[in-house]
Amino acid sequence: MLIKPAFSPSAKDILRDRYLWRDENRNPVEKPEEMLVRVAANVAAAERTLAEQYKWTDEFYEIMATLRFLPNSPTLMNAGRPAPHGQLAACFVIGIEDSMESICEALRKQMLIHKSGGGTGFNFSKLRPEGSKVKSTNGRASGPVSFMGLFDKATETVQQGGMRRGANMGILNIDHPDIRKFIHCKDKDGTITNFNISVGVFDSFMEKAVADPHGEEAALLEEIADSAWRTGDPGIIFLDAINRGNTTPNLGELMSTNPCGESPLYPNEACNLGSINIASMVRDGKFDFETLKQVTAVATRFLDDVIDVNHYPLPEIAEAVKLTRKIGLGVMGWADLLFQLRIPYDS
């Protein structure tokens with residue numbers, strides 16, 4: 001007998017509004033537990049034998065129904081849909097070179113990914129600065145911030161018919177000539193509304209900022225901090241730190257992340273995410289590490305199976321994903337856990 005999911009009334013409302021499958025009249029055709037069965041069975045289809053598929057369907061269902069683990073939204077929405085609609089990953093990175101052909105191709109990829117329910121990250125640092133000469137037209141370049149506005153408008157357009165609001169990460173490296181325009185591109189409300197933005201920073205820049213508190217680097221860092229305080233953007237991406245942790249350095253440097261910044265990826269790579277609910281792992285006033293161990297193992301297998309059952313929006317994305325098989329397993333419920341254990345947040 002299936003465990004009945006312990007969804008709150010508010011959670012059920014959200015599921016009904018955004019996740020449950022609907023008929024042509026927009027009426028839900030499944031219950032929350034049926035949604036979890038659909039997801040578990042579709043993901044477990046990656047297993048080799050029928051017996052393993054049944055076993056892991058049960059395991060996957062249990063960790064979701066007990067609210068110890070949940071995957072990212074595209075998996076809940078799309079698992080079980082026929083190709084090309086069964087896109088299950090949340091995070092994508094698209095590369096952009098300094099040519100109109102590359103920009104247009106990146107725009108095409110972004111729109112297809114957003115249509116499928118994924119979010120996209122870009123590093124615009126290869127685009128020439130505003131005012132640079134364009135030899136092919138004898139004109140002047142409009143610069144990365146201007147092109148970022150184009151991607152922002154495309155997101156606005158696609159989301160009208162898409163599954164959820166599109167999201168982007170825009171990165172510009174600290175040594176780009178247009179960096180100050182980038183830092184302040186969201187100062188005015190409504191200019192760029194579908195992007196998180198982050199400045200790509202290198203160790204050498206931070207070392208100079210520390211060495212000379214009155215130098216140009218320190219002043220620029222102060223400008224970034226002031227803008228972030230006033231508007232919430234930009235953030236900072238420590239590119240050298242990301243690459244020190246890169247497990248596949250032979251494939252090149254990592255220069256971009258997904259929209260929320262937790263998943264550094266190569267161009268054309270995607271990553272599916274899931275979160276372990278650590279607030280559900282308190283027993284008799286103590287944290288249950290054994291349950292965490294068990295759930296982590298099952299959740300990792302779940303996310304790895306998603307890679308194989310996913311219907312990717314483009315063949316080059318499928319190829320890149322299966323080359324490195326990146327997954328993102330995080331935690332949620334941290335504040336609730338601390339409250340249950342009576343641990344002050346600032347301790």
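**T191**

I began with the side chain of T191 in this predicted model, where one of its polar atoms lies 2.9 Å from the backbone oxygen of K188. The backbone oxygen of C185 lies 3.0 Å from a polar atom of the T191 side chain. I take a polar contact as a pair of N or O atoms within 3.5 Å; within protein, one must be able to donate a hydrogen and the other to accept it, and residues adjacent in sequence count only if both atoms are side-chain atoms. I placed T191 in the loop between helix 7 (179-183) and strand 7 (195-201). Helices (H or I, at least four residues) and strands (E, at least two) are DSSP runs numbered from the N terminus. T191 is partly exposed, because its relative accessibility is 32%; buried means under 20% relative accessible area, exposed over 50%, and partly exposed in between (1.4 Å probe, protein chains only). Leaving out residues up to four places away in sequence, I found T191 touching D152, C185 and K186, with contact meaning heavy atoms within 4.5 Å.

**Ground rules**

I number residues from 1 along each chain as its sequence is written; side-chain values use heavy atoms, and hydrogens and water are left out. Local features need pLDDT of at least 70, side-chain atom pairs count only at pLDDT 80 or more, and totals for chains, interfaces and linings use all residues.

**F289 and F287**

From T191 I went to F289, 98 residues apart along the chain, and the C-alpha atoms are separated by 47 Å. F289 is exposed, because its relative accessibility is 60%. F287 counts as buried at 18%. The two rings form an edge-to-face pair, 4.8 Å centre to centre with 70° between the planes. Rings of Phe, Tyr and Trp (its six-membered ring) pair if their centres lie within 6.5 Å; planes under 30 degrees apart count as stacked, over 60 as edge-to-face and the rest as tilted.

**Aromatic pairs and helices 3 and 11**

I searched the whole structure and got nine aromatic pairs. In one of them, F60 and F302, the ring centres are 5.1 Å apart and the planes stand at 80°, so I noted the pair as edge-to-face. F60 is in helix 3 and F302 in helix 11, 242 residues apart, and the pair links distant parts of the chain. F60 is buried at 0% relative accessible area, and F302 is buried at 0%. W56, F60, F69 and F302 form one aromatic cluster.

I then checked the helices themselves. The axes of helix 3 (residues 50-65) and helix 11 (residues 289-309) come within 10 Å and cross at roughly 115°. Axes are lines fitted to C-alpha atoms, for helices over the stretch in contact, and angles run from 0 to 180 degrees between N-to-C directions. Helix 3 contributes W56, E59, F60, I63 and M64 to the contact, and helix 11 contributes V295, V298, A299, R301, F302 and D305.

**K109**

I located K109 in helix 5 (residues 100-115). Is K109 buried or exposed? K109 is buried, because its relative accessible area is 11%. The K109 side chain makes a polar contact of 2.9 Å with the side chain of N268. Beyond neighbours within four places in sequence, K109 is in contact with I94, N268, L314 and E316.

**L76**

L76 lies in helix 4 (residues 73-78) and is buried at 7% relative accessible area. L76 and M35 are 41 residues apart in sequence, and I read 7.4 Å from C-alpha to C-alpha. Not counting residues up to four places away in sequence, L76 touches Y19, M35, L36, R38, V39 and P71.
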